[in-house]
Amino acid sequence: MEHIGIEPGRLHLSWISSAEANRFTEAVREVTSAVKAAGPNKTLVKTRAGIA
Amino acid sequence: MLGYVKKIREISERLLKEGIVDMVIGFHAGTVPMMNEPCLVKNPGETDNLVWDSNCGINLANYLTGRKEKIGIVAKGCDSRNIVNHITENKIKREQLFIIGVPCKGMIDRHRIVSMFDKEIEKVAEQEEKIIVSGEGFEETLKKAAVLQDNCAICIHRNPVIYDELVADPVEEQKDVDRYEDVRRIEAMPTETRQRFFEGLLSPCIRCYACRDACPLCYCPTCFVDESRPQWVGKGIDTADIMTFHFLRAFHGAGRCTDCGACERACPLGIKMRTFSMKLEKDCFEMYGWEAGLSPDERPPLETIPRTDKG
């Protein structure tokens, strides 16, 4: 995905069971701060068609 | 390569007459220059319609999936690897096929040739390594090597990997080919540049799906773009939707794509979608040592976890 221009830090993949509450909260905190650091997204943004 | 025609017709006639196959899938001449059409020949008397030249870039393995008949199929190196892929994925049985193997030296890039001329091209003829393009008031001879399809220029599997009968002696494989030069050029771009590059590359797309329809890998009964509950991706020409379609289709072909170039050849706008599908081929090769469709006895890398895998 980096190849097509998604910044490193924007996309994360985790595999966490619903029984692993701590790992889940850790992952959420980590992803939230990493994505915030990447700033507003500029690619693959769907824009709404202008309504006349 | 032009001499192959006689052999293709002879083999096809024999296969049909002797009932070895119910039909032969090959090419016949199209109605416009540089466009040969796939055809199904069921009658031994019709094999004279079959042609072979440097405009046979479409992948005939595209027409095999799900068929129940006994089929003779004309296959270049790349096509044969897609046939192996179909066998691996259980879309056709080896016993159903009589593979007419064609050692290939490359197909010509119809988009590039059209863009070289202002006037309409009326005829494209071939003579050994020369392509003669003519129209109203002009005629020019091009070197075939200068107008090869992008994928053919870097091909390292010109000879069929699986076949029942070859139409000619195998050709020499190209050596010391750097298949990933273009990929590395993009890898060297900073993120912002890449975003703009890919947006520009794909912006002409009109979502006609010619690429998908020409691709042997794309045989899903309901393609993800046609799914409406839920709708994964919009049907229109919004940039985000276009990019989602193309990149996701490329991902679905990861480790399966043989770089046959049929997608680029079929595209009415000449979009170079191999620019990103090659990245996936590079990753599969570098991470797993995997090249698609080389042997029906090999299973794809992600199918099983070998005991040596460290996770």
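## A report on chain B around B:N36

B:N36 sits in the loop between strand 1 and strand 2 of chain B, where helices (H or I, at least four residues) and strands (E, at least two) are DSSP runs numbered from the N terminus. The model is a predicted one, in which local features need pLDDT of at least 70 and side-chain atom pairs count only at pLDDT 80 or more, while totals for chains, interfaces and linings use all residues. Residues are numbered from 1 along each chain as its sequence is written, chains are lettered from A and ligands numbered from 1 in the order in which they are written, and side-chain values use heavy atoms, with hydrogens and water left out.

With a relative accessible area of 13%, B:N36 is buried; buried means under 20% relative accessible area, exposed over 50%, and partly exposed in between (1.4 Å probe, protein chains only). The side chain of B:N36 makes a polar contact of 2.8 Å with the side chain of B:D53, and the side chain of B:N36 also reaches the backbone oxygen of B:N55 at 3.5 Å. A polar contact is a pair of N or O atoms within 3.5 Å; within protein, one must be able to donate a hydrogen and the other to accept it, and residues adjacent in sequence count only if both atoms are side-chain atoms. Neighbours within four places in sequence left aside, B:N36 is in contact (heavy atoms within 4.5 Å) with residues including B:F27, B:H28, B:V51 and B:C56.

B:D53 itself belongs to the loop between strand 2 (37-41) and strand 3 (71-75) of chain B, and its side chain reaches the backbone nitrogen of B:N55 at 2.8 Å.

Five strands of chain B form an open sheet in the order 2-1-3-4-8, with mixed pairing; two strands pair if DSSP finds at least two bridges between them. Strand 2 and strand 8 (165-166) of chain B stand at the edges, each with a single partner strand, so one side of each has no neighbour in the sheet. Strand 1 (residues 23-28) of chain B is joined to strand 3 of chain B by three bridges, the two running parallel, whereas strand 1 and strand 2 of chain B pair in the antiparallel sense over five bridges. B:I25 stands opposite B:I73 in strand 3 of chain B and opposite B:L40 in strand 2 of chain B. Strand 1 of chain B is largely enclosed by the rest of the structure, because five of its six residues are buried.

Helix 1 (residues 4-17) of chain B lies across strand 1, strand 2, strand 3, strand 4 (97-101) and strand 8 of chain B, running at about 165° to strand 4 of chain B. Helix 2 (residues 77-88) of chain B lies across strand 3 and strand 4 of chain B, at about 135° to strand 3 of chain B. For these angles, axes are lines fitted to C-alpha atoms, for helices over the stretch in contact, and angles run from 0 to 180 degrees between N-to-C directions.

### Salt bridges

The structure holds 28 salt bridges over all chains, and the table gives examples.

| Pair | N to O distance |
|---|---|
| B:E10 and B:R14 | 2.9 Å |
| B:K76 and B:D79 | 3.3 Å |
| B:K279 and B:E187 | 2.8 Å |

B:K279 lies in helix 10 (residues 274-288) of chain B and B:E187 in helix 5 (residues 181-187) of chain B, so the pair ties together parts that are 92 residues apart in sequence. Salt bridges that share partners join B:E187, B:K279, B:K282, B:D283 and B:E286 into one network. B:E10 and B:R14, four residues apart in helix 1 of chain B, are separated by about one helical turn, while B:K76 and B:D79 are both buried.

### Backbone exceptions

Most residues other than glycine have a negative phi, and most peptide bonds are trans. B:N90 has a positive phi of about 60° although it is not a glycine, and B:N90 is exposed, with a relative accessible area of 69%. B:Y209 has a positive phi near 65° but counts as buried at 10% relative accessibility. The peptide bond from B:R229 to B:P230 is cis, with omega near 0°, and B:P230 is found in the loop between helix 7 (210-214) and helix 8 (239-252) of chain B.

Notes: A salt bridge is a side-chain nitrogen of Lys or Arg within 4 Å of a carboxyl oxygen of Asp or Glu.
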